[in-house]
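Please prepare a briefing on the structure shown here. Group the points by topic and keep the wording plain.

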Number of protein chains: 2
Amino acid sequence: MLRTHTCGELNISNISQEVKLSGWIQKSRDLGGMTFIDLRDRYGITQLVFNMETDSKLCDQARKLGREFVISVKGIVTERESKNKKLITGDIEIIVSDIEILNSSKTPPFTIEDNTDGGEEIRMKYRYLDLRRNPLKENLLLRNKVGFAVRSYLNDQDFMEVETPYLIKSTPEGARDFVVPSRMNPGTFYALPQSPQTFKQLLMISGYDRYYQMVKCFRDEDLRADRQPEFTQIDCEMAFVEQEDILSTFEGMTKQIFDKVKDIKLEDFPRMPYSDAMKYYGSDKPDIRFDMKFVELNDVAQNKGFNVFDSAELVVGICAPGSASYTRKQLDKLTDFVRKPQIGAKGLVYVKCNEDGSFKSSVDKFYSQDDLKAWADKMGAKAGDLMLVLSGDIDHTRSALSSLRLEMGERLGLRDRSVYAPLWVVDFPLLEWDADNSRWHAMHHPFTAPKPEDMHLLDSKPGEVRANAYDLVINGVEIGGGSIRIFDRDMQARMFELLGFSDEDAKEQFGFLMNAFEYGAPPHGGIALGFDRLVAMFGGTDSIRDYIAFPKNNSGQDVMISSPSTISNAQLEELNLEVTATED
Amino acid sequence: MLRTHTCGELNISNISQEVKLSGWIQKSRDLGGMTFIDLRDRYGITQLVFNMETDSKLCDQARKLGREFVISVKGIVTERESKNKKLITGDIEIIVSDIEILNSSKTPPFTIEDNTDGGEEIRMKYRYLDLRRNPLKENLLLRNKVGFAVRSYLNDQDFMEVETPYLIKSTPEGARDFVVPSRMNPGTFYALPQSPQTFKQLLMISGYDRYYQMVKCFRDEDLRADRQPEFTQIDCEMAFVEQEDILSTFEGMTKQIFDKVKDIKLEDFPRMPYSDAMKYYGSDKPDIRFDMKFVELNDVAQNKGFNVFDSAELVVGICAPGSASYTRKQLDKLTDFVRKPQIGAKGLVYVKCNEDGSFKSSVDKFYSQDDLKAWADKMGAKAGDLMLVLSGDIDHTRSALSSLRLEMGERLGLRDRSVYAPLWVVDFPLLEWDADNSRWHAMHHPFTAPKPEDMHLLDSKPGEVRANAYDLVINGVEIGGGSIRIFDRDMQARMFELLGFSDEDAKEQFGFLMNAFEYGAPPHGGIALGFDRLVAMFGGTDSIRDYIAFPKNNSGQDVMISSPSTISNAQLEELNLEVTATED
């Protein structure tokens with residue numbers, strides 16, 4: 001070993017010991033008579049001291065070492081005169097007697113500091129240098145810690161990890177697959193899994209009643225900031241269970257990770273039906289760190305001559321506490337906010353609840369003080385509060401008001417990053433209508449079971465059928481979701497039919513699963529948690545990219561290794577493929 | 001939960017409790033007045049009892065249930081009259097009061113028994129049923145247990161698991177890549193990793209000095225029984241280490257897994273230079289559970305007029321203890337064995353050491369009793385032993401004799417599956433000569449460092465340069481291998497040059513790594529263990545397929561899901577691809 005200790009462990013108890021340390025030069029200060037070097041490794045920083053008077057040759061050598069040089073030193077641990085309370089090793093320094101230069105370094109293209117001077121692009125190209133910075137290192141250590149906590153919990157609960165294959169079969173349902181040409185079977189392709197869904201169900205049929213896997217999944221979708229073509233899923237399935245068993249098992253897991261990793265003891269997670277989530281928060285992943293629930297105003301706001309409201313399917317508002325003092329300019333900004341294309345409201349109605357009990361609104365022309373008093377009563381608005389009201393068709397209005405609610409929560413400091421508010425959203429609809437293609441889509445996936453009590457609606461009102469499907473939401477972020485599955489062949493066939501699969505397609509794509517259902521399939525259900533997102537949530541940010549060692553950019557490229565790249569004609573020939581068009 | 005207990009936990013202490021169990025019907029015996037059902041789940045088997053006298057309706061219902069039906073029962077735990085010592089639950093049975101049929105089952109296409117009547121092909125197609133059988137279940141439970149033990153050890157040793165990308169870049173070096181067409185970057189491809197080699201080296205450069213990952217790797221090679229296109233690797237790397245640190249860390253890991261999983265305390269692992277392994281065992285992965293070392297006989301066997309030996313580069317033999325009594329027929333079989341094309345010897349010379357001190361050989365014509373005595377002395381052969389001698393060029397002769405040695409070990413019962421003999425093979429050559437292409441190949445991989453003391457031979461005698469490369473071998477199976485890496489840009493460039501890379505190719509394929517070496521790369525090295533093979537070794541068999549939940553067949557197909565398969569023209573168009581030839 002090229003060291004006796006790491007750069008993060010020496011303290012007052014080691015004084016007078018001879019030690020050997022290895023690491024990178026974080027910085028070096030030449031004070032004339034003395035030279036100080038901060039030596040860095042994964043574990044911390046230790047100060048090295050060189051004295052011109054006692055060893056001028058060594059001190060000269062030390063002065064010539066540049067940032068990020070890799071060195072190994074021998075020396076004696078000594079108590080510092082001026083201690084550095086910020087460092088674990090801040091009580092000591094090493095009086096160096098010997099230096100070995102293990103490798104030199106060119107000057108890095110950006111500073112290896114918590115606040116680096118490097119832009120996003122250069123840091124992606126030199127990701128291996130960016131990963132030296134504390135914030136990224138802490139993220140990956142956190143990821144490792146959370147991962148091990150997840151496994152430990154599941155292992156203690158008798159879950160067995162089973163690896164499912166990566167080279168599987170392409171199915172058109174869901175997102176777009178990445179495919180892999182098969183050389184040995186010309187003209188055919190494997191697909192990379194979007195999730196191990198059907199395999200974990202087969203494992204339940206095999207009798208492995210508690211399965212988990214931390215597994216890479218792949219989706220060839222156009223990328224957004226928080227999406228990656230490959231991502232990691234905590235994939236779980238249980239047999240002989242009901243929804244309650246799954247919720248309590250994974251609520252237990254989440255609590256234990258919070259406890260182990262962040263020393264936070266979470267209360268029991270509240271549960272909210274999907275219909276309430278939509279009605280009161282306009283979202284299936286409400287941030288319940290703050291209240292500001294939606295209040296529907298149709299009965300008090302319509303039929304007063306304001307045509308915008310009168311013609312709306314829904315008039316709905318939120319009450320922003322203590323915001324009646326908003327200026328015209330601030331209100332205009334809110335109006336601009338809701339009018340942004342991605343939010344899509346046509347306008348914003350506000351009502352200020354003045355301290356004197358009067359109201360000032362943007363629709364004073366149509367509504368009397370009494371009318372507005374009725375709104376305020378309904379919304380529980382008090383003097384000093386600001387009511388913000390949107391209208392239109394139900395779906396778009398709720399969605400826009402949800403964005404406005406989150407924006408107001410942010411402005412009012414109600415979305416504290418140190419507070420964690422987990423929530424189970426339950427009773428999701430089984431199906432959603434795809435107006436573009438005039439067909440039903442599975443809201444979760446085609447393997448989700450309808451609630452038994454809603455089965456009678458399956459033919460007559462499929463849109464009203466609910467599923468035992470559930471999402472785990474923390475602070476407005478969907479961390480995971482799952483469902484109780486269909487385990488009956490006929491029910492599964494009926495579901496495929498509802499979703500517009502021909503008999504042939506269903507058999508071709510999922511015949512193996514339907515066959516398996518005929519050989520003693522047990523009741524089962526499961527959940528999948530987004531590991532990247534879970535870790536990012538623990539880390540207190542939204543960008544999953546900062547928690548992945550080697551992420552891709554928004555074009556799906558790894559600019560460090562220049563991938564994807566062209567392959568040789570020989571490779572293409574072996575695969576019986578021809579490229580029909582290329583970028584130029 | 002559809003059960004209060006599993007089928008593997010009830011015993012005498014539970015008597016008189018009302019319990020609920022769920023599982024599969026393993027078998028059912030109708031004894032007229034009584035019906036017994038063995039109910040099976042992942043954890044075991046529990047006997048259910050139905051009595052015609054006390055509840056004829058329930059008993060009738062029970063009689064109609066077929067094999068592999070999934071049921072849930074309520075009943076009272078009762079002490080058995082005739083106990084079954086083979087079952088954990090053999091002291092008790094359940095007097096059932098209520099049955100719920102959760103799912104029916106068609107008769108499975110093969111029996112769900114330890115010794116099934118199903119052939120390989122049908123069991124692969126119905127893998128989910130095959131996985132119900134005890135032997136496969138035990139294999140996957142073992143895999144899970146070994147996996148968790150590996151992680152626990154590495155976690156305790158401060159290794160951090162870092163996930164490296166699956167969508168990387170194709171490089172022609174090494175085995176054939178599986179590639180993945182990129183839709184967003186037309187005409188370009190990702191490759192699936194054959195190993196995360198370059199990424200783990202980058203992580204060392206990033207300062208993450210102890211990395212591990214249990215990771216799927218992919219090789220598009222023609223398949224053999226013990227090869228799969230996707231396989232799992234325990235991939236590890238350490239910085240600021242020397243070879244000794246890596247050997248001791250992973251020797252420690254192996255010992256701990258044996259201890260935890262098999263309760264076997266292993267002694268320290270012997271180490272053997274590659275040159276000795278080849279000289280004394282004719283293999284770089286000797287099975288040292290038994291001795292029977294090679295003895296070279298050139299000096300005593302040549303120049304006696306036997307042209308076959310005289311013209312041979314090497315005359316080498318083994319001494320099979322107590323085998324002088326081999327019959328003509330047995331010896332002919334051994335000759336046939338070494339003449340098999342995959343072994344390739346031209347013939348076999350034998351010498352029987354008779355009990356009376358005389359010798360009987362197949363070359364008595366050329367050698368006197370004194371000559372043969374000299375052989376016996378050299379080989380340490382005693383009365384009753386059988387000397388078996390091969391000759392020819394060094395490489396082929398050693399290889400053939402290695403096969404013969406293993407065969408004799410097998411015949412003599414010296415390869416006991418309950419004995420584990422681990423071994424480090426060290427000091428591998430850096431390069432091997434590829435006669436077909438007249439070029440040097442990296443024996444391990446192009447990132448392996450030459451031994452400093454052999455550096456001076458790099459230009460003059462590259463074939464004699466050794467590397468700090470090592471393999472972990474257990475019972476003649478290569479479990480893993482690794483090396484100390486190059487961490488200097490110029491050295492890496494020189495290595496690529498030796499291997500016949502043009503400057504351009506080296507830069508195109510590995511430029512990112514060579515650049516990274518310029519920014520403070522620390523000394524580092526690592527190892528990768530084949531997880532499938534490790535688990536199979538623990539399980540006492542050679543077939544890795546039995547330790548993989550959903551393996552592919554020898555044509556790379558998953559016959560259960562019918563993969564690989566054709567994809568739609570729309571998919572091909574999106575990927576800018578055309579299939580040029582298909583199977584027909």
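B:Pro564 lies in the loop between α15 (531-539) and α16 (569-574) of chain B, where helices (H or I, at least four residues) and strands (E, at least two) are DSSP runs numbered from the N terminus. A cis peptide bond joins B:Ser563 to B:Pro564, with omega about 0 degrees. This is a predicted model, in which local features need pLDDT of at least 70 and side-chain atom pairs count only at pLDDT 80 or more, while totals for chains, interfaces and linings use all residues. Residues are numbered from 1 along each chain as its sequence is written, chains are lettered from A and ligands numbered from 1 in the order in which they are written, and side-chain values use heavy atoms, with hydrogens and water left out.

**Backbone geometry**

- In chain A, a cis peptide bond links A:Ser563 and A:Pro564, and omega is about -5 degrees.
- A:Pro564 sits in the loop between α15 (531-539) and α16 (569-574) of chain A.
- A:Glu68 has a positive phi, near 70 degrees, and is a residue other than glycine; the loop that holds A:Glu68 runs between α1 (56-63) and β4 (70-79) of chain A.
- Most residues other than glycine have a negative phi, and most peptide bonds are trans.

**Interface of chains A and B**

- Contact (heavy atoms within 4.5 Å) involves 124 residues of chain B and 125 residues of chain A.
- About 11500 Å² is buried between the two chains, 57% of it from carbon and sulfur atoms; buried area is the accessible area (1.4 Å probe) that two parts lose on being put together, summed over both.
- The interface has 72 residue pairs in polar contact, both residues at pLDDT 80 or more. A polar contact is a pair of N or O atoms within 3.5 Å; within protein, one must be able to donate a hydrogen and the other to accept it, and residues adjacent in sequence count only if both atoms are side-chain atoms.
- On the side of chain B that touches chain A, helix α4 (residues 134-156) of chain B gives the most, with 10 residues.
- Strand β23 (residues 577-579) of chain A pairs with strand β23 (residues 577-579) of chain B in the antiparallel sense over three bridges, and A:Glu578 stands opposite B:Glu578. Two strands pair if DSSP finds at least two bridges between them.

**Salt bridges**

- B:Arg183 and A:Asp220 form a salt bridge, with the closest N and O atoms 3.1 Å apart.
- That pair joins two chains, because B:Arg183 lies in the loop between β7 (179-181) and β8 (189-191) of chain B and A:Asp220 in the loop between β9 (210-218) and β10 (230-239) of chain A.
- In the salt bridge of B:Lys106 with A:Glu518, the closest N and O atoms are 3.3 Å apart.

**Sheets of chain A**

- Five strands close into a barrel in the order β1-β2-β3-β5-β4, with mixed pairing.
- Strands β1 (residues 18-30) and β2 (residues 34-41) of chain A run antiparallel and are joined by six bridges; A:Ile25 has A:Leu39 as its bridge partner in β2(A).
- Strand β14 (residues 349-353) of chain A runs antiparallel to β15(A), joined by three bridges; A:Phe359 is the bridge partner of A:Cys353.

Key
Salt bridge = Lys/Arg side-chain N within 4 Å of Asp/Glu carboxyl O.
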